[in-house]
Amino acid sequence: MPDRTEGQREGAAPVPRVRLRHFSRSLPMLLLRARESVMKHFRNALRMHDITEQQWRILRALMTVREIEVTELARATFLLGPSLSRILRDLEARQLIERHPDENDLRRARISISTAGMELIEKVSPHSEEIYGEITRAFGVERMRELQKLLEDLETVMADIQLPLSGGEAQPGDDGNE
């Protein structure tokens, strides 16, 4: 009887051996695991205020601008259009954002954070900053700065390189977990 590759069923075609780094060492998995280990702390704080991480992401993005067009907001928050539309509807129903027609194109909307949205940010911010403080204390101030710089550098490098299988710009995920 011929030797089978591990995991190969009897009578099945041979499974080719592929050289890949160990799954736990793949960059996407390392980034996802790190993100999840950080986000679990923030999710608890957001739950206390009845807000999802995607809603928080939108409110945080809106804090940095006077107003923004929906497509730009999708790009800034890495949310797909249909998900963003649903989330914006929910935020608008809670009066946390305001929607205005675009002066140049009435088919488009511009979004801004409302007074109630800013008040929510004020309530959540102390919890958020406490979490950042704990992470920084545990990880170290210098290592945190270095990590942030390295991640920014990686993003810049990845935007500039052309890989053989790159089919253009990837679409952002529903929850940022690609």
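A polar contact is a pair of N or O atoms within 3.5 Å, where, within protein, one must be able to donate a hydrogen and the other to accept it. The model examined here is a predicted one.

Q: Which residue's side chain makes a polar contact of 2.5 Å with that of E53?
A: E53 is found in helix α2, which covers residues 53–63. Leaving aside its neighbours within four places in sequence, E53 is in contact with R35, M39, R43 and L46. A polar contact of 2.9 Å joins the side chains of E53 and R35, while the polar contact of 2.5 Å joins the side chain of E53 to that of R43.

Q: Is E53 buried or exposed?
A: The cut-off for a buried residue is a relative accessible area under 20%. E53 has a relative accessible area of 13%, so this residue counts as buried.

Q: What is the order of the strands in the open sheet of three strands?
A: The edge strands, each of which pairs on one side only, are β1 (68–69) and β2 (97–101). Strand β3, residues 109–113, runs antiparallel to β1 and is joined to β1 by two bridges. With antiparallel pairing, the open sheet has the order β1-β3-β2.

Q: Which residue in β3 is the bridge partner of E69?
A: Two bridges join β1 to β3, and E69 belongs to one of these pairings as the bridge partner of a residue in β3. That partner of E69 is R110.

Q: Which helix packs on the sheet?
A: The helix in question touches β2 and β3, and its direction makes about 110 degrees with that of β2. This helix, made of residues 81–93, is α4.

Definitions and conventions:
Residues numbered from 1 in each chain as written. Predicted model: local features only at pLDDT ≥ 70, side-chain atom pairs only at ≥ 80, totals over all residues. Heavy atoms only, no water. Pairing = 2+ DSSP bridges. Helix = DSSP H or I, 4+ residues; strand = E, 2+ residues; numbered from the N terminus. Contact = heavy atoms within 4.5 Å. Axes fitted to C-alpha atoms, helices over the stretch in contact; angles between N-to-C directions. Buried < 20%, exposed > 50% of the residue type's maximum accessible area, 1.4 Å probe, protein only.
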